[in-house]
Structure formats: C-alpha cells, structure tokens
Amino acid sequence: MKLKQLESLLGNLQQFQNPKIELEQYPTGAHIASRMLYTAENSYDDISGKVVADFGCGCGTLSLAATLLDAEHVIGIDVDDESLEIASVNADELEVELELIQSEIKNLQWRGQIVDTVVMNPPFGTRKKGADMEFLSVALKVASQAVYSLHKTTTREHIKRAALRDYNASSAEVICELRYDLPKLYKFHKKKDVDIAVDLWRFVPKAKQES
C-alpha cells in the first residue's frame, strides 16, 4: 500500500467525541500515523506478518494502520471503554480484524516477549508525570523485535538514557522529528491549534536472556 493511500484511509476514521483530559487523549493524526507505520514496515520490516500491539490505542489509528499494512495480528489496548468502542467501529468500517483489550498498560499480565512490535503514541506525561515512561518500560518488556513511540523532542536525552540504562533497550534511535498538530480540544486550550515537535523513536529490546 502506498503512503498516500494509507494516510487517506486513516484520515476517514472517527476520533474522540468526548476526550478525557486526565488520560491525555489526543487523536493521532493520519499524517503522523501513516508515516510512523509506513516507516516501520518499509524501512525495518517490523509490521507485515508480525504480531503488533498498540499501547493506549485510543480510537485505533495506529492499530488500523498496522492491519492495513498486513500485520498478522493486531492488539489494541486502552483503559477507556469509549475509545475502544470507536476503535471497533473504525475496524468494522475498514473491514479488518482488530483484537481490543481494556486495561491499564501497567496492569497487563503479559509474561515475556509475546508480541513482535509495539507501536504507541503514549501520554506525554504532562498530566500524570512519568506516564510516557511507564508505557515505554512495559513495551520494552513485551516486544521481541521493536518499539515505535512518539515523545516530545524536549525529552530526547532523558528518553534515550532511561531506555538504554533502565528499560531493557539495546538501542534507541530517533528516526525522524515530526510536527504534532495539537487541535484545540479542551477548554483550557487558548489557541486553535499548537504545533509540538515530537520525535519518532525506534527502540530495539535486548534479546531475552536464555535461562
């Protein structure tokens, strides 16, 4: 599938109707989502034929991008039931299969590296400090091949240090810097939209230690 076609399909998805600020719910735009997954597939071969998990999947944009790029199985995980309902509707619209699980990421009872690739646009940690790192820590425990994640560019050094030192990453690389167009969703937002510089990271987990 061509990038333009992928972006077009993702652009038609339903997004949050009542976003919850405490969960830092912001839609992952079709522009960023399509490039993130297209790069994961075409530069690194991390999507097609793979088992992919989308942490904090929201309305399913990254999950559905993975299914459209021929992932073998995609699991979307989110704590919010309303978001999961929208993700399910989006999957039906695209006529694709999506497994959806309602859970907090830290409460996932997964043991070992049971998915190939994790993709995520985690909370940036502005409401709940460290939320982004919680997601990253779990992702690097359960993925065997790669973790793709978006983080604010201002946190770059912190992310790299933590991933390599504390979170089981054998490598941590910024693939590209993107502009995240944050629409005015909440009452406290003063501007119509804001551009935030975000890094698209690719982390490679350490191979599981042979016991």
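Q: What do buried, exposed and partly exposed mean for this model?
A: Buried means under 20% relative accessible area, exposed means over 50%, and partly exposed is in between (1.4 Å probe, protein chains only). The model is a predicted one, in which local features need pLDDT of at least 70 and side-chain atom pairs count only at pLDDT 80 or more, while totals for chains, interfaces and linings use all residues. Residues are numbered from 1 along each chain as its sequence is written, and side-chain values use heavy atoms, with hydrogens and water left out.

Q: What makes α5 a mostly covered helix?
A: Ten of the twelve residues of α5 are buried. They are Ala 131, Asp 132, Met 133, Phe 135, Leu 136, Ser 137, Val 138, Ala 139, Leu 140 and Val 142.

Q: How do you know that the length of helix α5 agrees with its number of residues?
A: Helices are DSSP runs of H or I with at least four residues, strands are runs of E with at least two, and both are numbered from the N terminus. The expected span of a helix is 1.5 Å times one less than its number of residues. Helix α5 (residues 131-142) has twelve residues and should therefore span 16 Å; its end C-alpha atoms are 17 Å apart, which agrees.

Q: What does the side chain of Asp 54 meet in a polar contact?
A: Asp 54, which sits in strand β1 (residues 51-55), has a polar contact of 2.7 Å with the side chain of Ser 63. A polar contact is a pair of N or O atoms within 3.5 Å; within protein, one must be able to donate a hydrogen and the other to accept it, and residues adjacent in sequence count only if both atoms are side-chain atoms. Contact in general means heavy atoms within 4.5 Å. Beyond four places in sequence, Asp 54 is in contact with residues including Ile 75, Ile 77 and Val 119.

Q: Why is the pair of Glu 7 and Arg 35 called a salt bridge?
A: The closest N and O atoms of Glu 7 and Arg 35 are 2.9 Å apart, so the pair falls within the 4 Å limit. Glu 7 lies in helix α1 and Arg 35 in helix α2, so the bridge ties together parts that are 28 residues apart in sequence. Glu 7 is partly exposed at 23%, and Arg 35 is partly exposed at 25%.

Q: How many salt bridges does the structure hold?
A: There are six. One of them joins Arg 156 and Glu 177 at 3.2 Å, N to O. Since Arg 156 lies in helix α6 (residues 156-165) and Glu 177 in strand β6 (residues 169-183), this pair links parts that are 21 residues apart in sequence. Another salt bridge joins Arg 165 and Asp 166 at 3.1 Å. Arg 165 is exposed, with a value of 57%, whereas Asp 166 is partly exposed at 46%. Shared partners also join Arg 156, Glu 177 and Asp 199 into one network of salt bridges.

Q: What makes a set of residues a nonpolar core, and which residues touch the most other members in the largest one?
A: A nonpolar core is a set of buried Ala, Val, Leu, Ile, Met, Phe, Trp, Tyr and Cys residues joined through side-chain atoms within 4.5 Å. In the largest core, of 29 residues, Leu 10, Leu 37 and Ile 47 touch the most other members. Helix α2 gives the largest share, six residues. Apart from this core lies another, of 27 residues, among them Phe 55, Ile 77, Met 133 and Ala 169.

Conventions:
A salt bridge is a side-chain nitrogen of Lys or Arg within 4 Å of a carboxyl oxygen of Asp or Glu.
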